[in-house]
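Hi,

Here is the structure I promised to pass on.

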Amino acid sequence: MEIYEFGQRLIKEAGEFVRQRMLEDFRVDSKLNPNDLVTDVDRETETFIYDRINEMYPDHHIIGEEGHGTEIDDASGVLWIVDPIDGTLNFVHQLQNFAISIGVYIDGEKHCGLILDVMNDTLYHAQSGKGAYMDDRRLEPIGSTELATSLVSLNPNWVIKERIGSAFAGVVKDARSTRSYGSAALDLAYTATGIVSATLFFRLHPWDYAAGMIIIDEVGGRTTNLLGEEIDILHKDSILAGNRALHGELVQYFADDEAFIEAHRHVHGEKK
Ligand code: IPD
Ligand code: CA
Ligand code: CA
Ligand code: CA
């Protein structure tokens, strides 16, 4: 079976697994800080997805947020990048507005991206070069917009951070308005469908953006880091995704701000 077709079937099954599992109690733990939560459902869903891929394609590699693939340090072969629940805080507090995100890369090249809005059972998906879809509906190319008439999504926490906050604040000030959805994968899917015109993050991991980046490509959008540099799929980075015109406009807010650039280099390192 084609990887893309298998991936679509798998993510729908994983969505059903989550919806069923939510009917029972689950444990909530914190990871790096009291607001960084993980639940049994995150871990069990990652294992569910991992086992299915491993059974079907024993020679493929898998990276997941909840512990799979920590030994992987190169992108050769077929690489599945999995976020079993993206938007765990929404999952815990709202029992909705969270996603499963799966991106597949072959020898480091984009292959296909899948994002399931679990409670709405809506699947955003794309295969490289073959267009993007929301369920069975093909998504139109996203049109050009200007910041002054655009909705952009970003997490307000970045605006109040020293050194990086003022660049984000400039965006907030000049945009028509901002939104914060609490799931990076859904932010990227919403950018691909035009619900927002761009989405910005100071720090995301590969499992947050691997699928979304492919879907955005397929509607003619652009994804780089906030300094306009290309993304390396194995590393965390900042992310700026949107229609090309707006992407170009937004990069200037960050690439011209010395304090921001320095803070970015401090957190993410120098690009090769
Ligand atoms: C988080 C969500 C959130 C983003 C965080 C991510 P998680 O993922 O995508 O929207 O702002 O940076 O870590 O932990 O819920 O999978
Ligand atoms: Ca997490
Ligand atoms: Ca995530
Ligand atoms: Ca997660």
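This is a predicted model: local features need pLDDT of at least 70, side-chain atom pairs count only at pLDDT 80 or more; totals for chains, interfaces and linings use all residues.

Residues are numbered from 1 along each chain as its sequence is written, chains are lettered from A and ligands numbered from 1 in the order in which they are written, and side-chain values use heavy atoms, leaving out hydrogens and water.

The protein chain splits into domain 1 (3-138) and domain 2 (147-268), with bounds from an automatic or database domain assignment. Between them they bury about 2,200 Å², 71% of it on carbon and sulfur atoms; buried area is the accessible area (1.4 Å probe) that two parts lose on being put together, summed over both. Lys110, Ile115 and Tyr124 supply 23% of the area domain 1 buries against domain 2, more than any other three residues.

Lys110 also forms a salt bridge with Asp217 through their side chains (3.1 Å, N to O). The rule for that is a side-chain nitrogen of Lys or Arg within 4 Å of a carboxyl oxygen of Asp or Glu, and it finds 1 across the domain interface.

Now the helices (DSSP runs of H or I, at least four residues, numbered from the N terminus). Helix 5 (residues 184-193) and helix 6 (residues 206-218) are roughly parallel, because their axes cross at roughly 5° and angles under 35 degrees count as roughly parallel.

Cheers

Notes:
Axes are lines fitted to C-alpha atoms, for helices over the stretch in contact, and angles run from 0 to 180 degrees between N-to-C directions. Helices (H or I, at least four residues) and strands (E, at least two) are DSSP runs, numbered from the N terminus. Angles under 35 degrees count as roughly parallel, over 145 as roughly antiparallel, 65 to 115 as roughly perpendicular and the rest as oblique.
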